[in-house]
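Biologist: I am new to this one. Please show me the sequence and the structure, and then I will ask my questions.

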Amino acid sequence: MTPVLELRDLRAGYGGIDVIHGIDLRIVSGEVVALLGPNGAGKTTTLATISGQISPSGGTVSLMGHNVNGARPDRLARAGVCLVPEGRGVFPNLTVRENLIMSTYTGVSIASIEERAYELFPRLGERRGQTAGTLSGGEQQMLAMSRAMTTDPALLLLDELSMGLAPMIVAELYERVGELAQKGLSILIVEQFAQAVLGVADRAVVMVNGEIRTVGAPAEVSRQLAEAYLGG
Amino acid sequence: MKLSPANYAAIALTVAGAIALSALNWSGRPVSVATVGSMLVVGVTLGSIYAVSASGLVVVYTTTGVFNFAQGAMGMYWAFVYWELRFNRNWPAPIAIGLVVLVMAPLGGVVLDRLVMRRLRGTPLVLQLMVTVGLMLGFMGLAATQWKGDRGRNAQPFFGRTGGFELLGVNVTWHRFTTICVAVLLAVLLRLLLHRSRIGVAMRAVVDSRSLTSLTGANPEIISGLAWALGSSLAAVAGILIAPESGLVVELLTLVVVDAFAAAAVGRLRSFPLTFLGAMVLGIGQQFIRSFLDFPGGFSNADRALPTILLFVVVLALPQAKLHIRGTAAAASTRIRRITPLSDAALGGLALIVVIVSWSGGLVPFVDEWTGTGVNRGVTMMITAIIMLSLVPLTGWAGQVNFAPLAFAGFGAVMFLKVAGDSGQAWGLVMAALLTAPVGALMALPAVRLQGLYLALASMAFARGFELLFFTQSSVIDSGAGERIASLHFAGWQLDGRGRGYLIFLTIVFAAGVVGLIALKRSRYGRRWMAIHDSEAAAATLGISLVETKVIVFGISAAIAGFGGALFGIQQATLNPSQFTLLLGLPIVLLLVVGGVAYPAAALFGGVNTILFIVIKERLGWSWLSALEILGPGLMAVAMVVNTRGAVTDMGRAFSPLLPWRHDARDQFRLEHATEREDEVGELGLGRPFTRDHVNDLDRQLGIVDLIPASRPTESRGGL
């Protein structure tokens, strides 16, 4: 089966200096992969490269068998790659509804997006006229997630979904991620908090210093995590 | 918008002041349906003109995050293009309008976005302000070059000067009616566009986050281009509608939009209904003054000064947090600036004196002695450099934007005229500086709560207010009375304001000023300025009083400018109000920033360039260079998008390694040319030269060497 996402010997970085040094990863349809690792491991850079924000300095990024190296992020977004970046991926000076309007560039109608978003996160419906910058952290993350959940992407990339949020909110968000996974969506989740994500992941990958250190079942990887975090 | 009790008090005070002023200056003209009707009809028309202009400003700010000081000049330029097609080449009006508003102006906007605005992303706000002010001068210079001379051009109103319909006893021409309709339509349509349509929402989204916009599937490059195209078209609409009312004159047309800044500020640069309201208050207010008030003598400009006063009040009275400032006042440079040792400053000053003395005395081999004209230009150069020097501690070190140095200089010149104009005694210069310092401290009051864009606007209002209300007073400058300023009497010498002795005196003053400022910068007190420049919040938490620091730096800056102004007065011998206008002051600010506002040497660079453009124009004698003194500084400022560091920085970096004692400069030079990576790595938040060797060394020192695979070859970039 053609993998939805395939990274081959991928290298990327900033200003000519690689941050990730030749990683290989395959995600098949409907698979949820957790990408774990300490600060500076290159997790966010990996997502930025897959979503087109950074061009690879070597290797390939393939989506459904097509090499997409160097493709613009907006084209990849329209092609079905959805990245929810770390630190609340919302437009703070736009209202909730206007944030949802921005999702229509993927080709889905605003009526459909609004209906689904407000059904999934009723609180957003109550605050549709409020500017996103004035929402709570959890509500902002819900708004960011609603872009992923209402536009039917082929590949969802989630970066530090739990960052700075209360455990209850994190649990609610991961419940939604679990629902998406059950629908067959391929998901790559970057997290530092392993426990939050291992419950929904099919496979876990640990990155250290820009290289993949371990790949395995979540339970198995969970045992090795402490070692990776301590630099061993 | 929620206003605090202090805001309400400020508004109440303003309204009470306006009522009191009106009562005091009531002309006694009868208040009837006819007079009030006439005032309203003309006022609403005027308000509509402001509304159209201000809408363009708000649209560009909302959709690009850039406050476009050039909006008025762009409108002026497109109005000239329309005039050229419609009246000079007799094209039919619909075709000329369509071509200008729907084709040429949008294309111009896209080109502007491609060449200039894209490079401004992520740059400090000071740079953005200077580049757009540079564009303003650039467009003015371009129009003055293309269409030489302001006279003899008549932009006819649409549907002719006669005709129309009667309202409240006043004839409303079809052109004015069109202007009112366009203003109302724009207020409604732009609101709908930006808040209801997807492309409008996307334009605002790009300002919030370009990268996130691209992640939603929208192309931020295309959207930004569209936003500038729209802004340029709106400028064209405003220019074409205003030209028949204000006259097809470069400066007048540009200043109408500068006046509209007040309306845009009422709308906090984002609300179209409030902008419309502000524009109406402005238009009707101005017409009220013309219809019912009679200000004495020097205040006869009160109607023209109203936009300036309103801008100043609005910027001061609105809550800072609600002003919705994007970006930072002046982002701290990633490069750590070397603080010049006093010995270097003294040596540089001495070298300058030697050069000027030798050159003006004909001692430089193969170069002629300066003639009278040359010496006078040298005097202009040094005086401009001294006035520019006033901005180095203020803008360069303390990060406070100021577009009013010429207002301070003018004040100093007036003070010198008053205290020592007859005798020309040198102590008058010191008095002029001391008397100007409190005016600077007054300007510091808005600076205490304003930063960046709003401080820039406040300083512009300050400069324009001085131009229209202070220098016009006959008790301040009575140009008709033939008051003359005597030559300078200093230590037994009498120095003619255009002579070689005066030039050498100015050079010594400049050199001493530079050494004094460097000494001040190196002092404990001077470091406060850099502290508030880097972070006001951090400085405040360290116990630095922002109010005191800002008041003092503004005072010092004004004193230097006042001193320079007094020197200017001696050179000119007579004063007139047109010497100290806002527009004349802008090249002074721009050329300094082009040089590198944080370096005193940039003041000399600016002074040299001020006369260089005049000399080039004169030597070449090409007619298309007729407006070079405006066009030149404008284009140089726009060129800062390519080199944001400032010209003297680069010159210094190239020259200083040649000095035998500058080992540090040679080391720095080697380092940069070995790596050529510093800026790029700076994006990672690392402020040091960065190579793989450094990383490996650091890893070894931190004991994490085992994480680096032994098989991976270590890259060496050499030179370290």
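Biologist: How far is the backbone oxygen of A:Ser146 from a polar atom of the A:Thr150 side chain?

Modeller: A polar contact is a pair of N or O atoms within 3.5 Å; within protein, one must be able to donate a hydrogen and the other to accept it, and residues adjacent in sequence count only if both atoms are side-chain atoms. From the backbone oxygen of A:Ser146 to the polar side-chain atom of A:Thr150, the distance is 2.6 Å.

Biologist: What kind of model is this?

Modeller: Residues are numbered from 1 along each chain as its sequence is written, while chains are lettered from A and ligands numbered from 1 in the order in which they are written. Side-chain values use heavy atoms, leaving out hydrogens and water; local features need pLDDT of at least 70, side-chain atom pairs count only at pLDDT 80 or more, totals for chains, interfaces and linings use all residues, and the model is predicted.

Biologist: Why does A:Thr150 count as buried?

Modeller: A:Thr150 sits in helix H6 (residues 137-150) of chain A; helices (H or I, at least four residues) and strands (E, at least two) are DSSP runs, numbered from the N terminus. Buried means under 20% relative accessible area, exposed over 50%, partly exposed in between (1.4 Å probe, protein chains only). A:Thr150 is buried because its relative accessibility is 0%.

Biologist: Which residues does A:Thr150 touch, not counting those up to four places away in sequence?

Modeller: Contact means heavy atoms within 4.5 Å. With residues up to four places away set aside, A:Thr150 touches A:Val108, A:Ile113, A:Arg116 and A:Ala117.

Biologist: Is A:Gln141 buried or exposed?

Modeller: A:Gln141 also lies in H6 of chain A. Beyond four places in sequence, A:Gln141 is in contact with A:Val84, A:Arg88, A:Glu160, A:Leu161, A:Leu165 and A:Leu173. Its relative accessible area is 1%, so A:Gln141 is buried.

Biologist: What is the strand order in the open sheet of 6 strands?

Modeller: Two strands pair if DSSP finds at least two bridges between them. The pairing in this chain A sheet is mixed, and the order is S6-S7-S8-S3-S9-S10.

Biologist: Which are the edge strands of that sheet?

Modeller: Neighbouring strands there are turned by 15° against each other on average, direction ignored. An edge strand pairs on one side only, and here these are S6 (81-84) and S10 (211-216) of chain A.

Biologist: At what angle does H6(A) run to S6(A)?

Modeller: Axes are lines fitted to C-alpha atoms, for helices over the stretch in contact, and angles run from 0 to 180 degrees between N-to-C directions. H6(A) lies across S6 and S7 of chain A, and its angle to S6(A) is about 175°.

Biologist: Which strands are at the edges of the open sheet of 4 strands?

Modeller: Its order is S2-S1-S4-S5 in chain A, with antiparallel pairing. The strands that pair on one side only are S2 (17-27) and S5 (66-67) of chain A.

Biologist: What is the bridge partner of A:Arg11 in S4(A)?

Modeller: S1(A) is joined to S2(A) by 8 bridges, and to S4(A) by 5 bridges. In S2(A), A:Arg11 is partnered by A:His21. In S4(A), the partner is A:Gly58.

Biologist: Which residues of the largest nonpolar core touch the most other members?

Modeller: A nonpolar core is a set of buried Ala, Val, Leu, Ile, Met, Phe, Trp, Tyr and Cys residues joined through side-chain atoms within 4.5 Å. The largest has 239 residues, and those touching the most other members are A:Leu188, B:Phe69, B:Phe403, B:Leu453 and B:Tyr502.

Biologist: How many residues are in the other core, the one with A:Leu124 among them?

Modeller: This core lies apart from the largest one. Its members include A:Leu161, A:Leu185 and A:Val206, and its size is 43 residues.

Biologist: How much area do chain A and chain B bury between them?

Modeller: Buried area is the accessible area (1.4 Å probe) that two parts lose on being put together, summed over both. The contact takes 33 residues from chain A and 31 from chain B. Carbon and sulfur atoms hold 59% of the buried area, which comes to about 2800 Å².

Biologist: What percentage of the residues of chain B count as buried?

Modeller: Chain B holds 29 helices and 4 strands. Of its 720 residues, the buried part is 54%.
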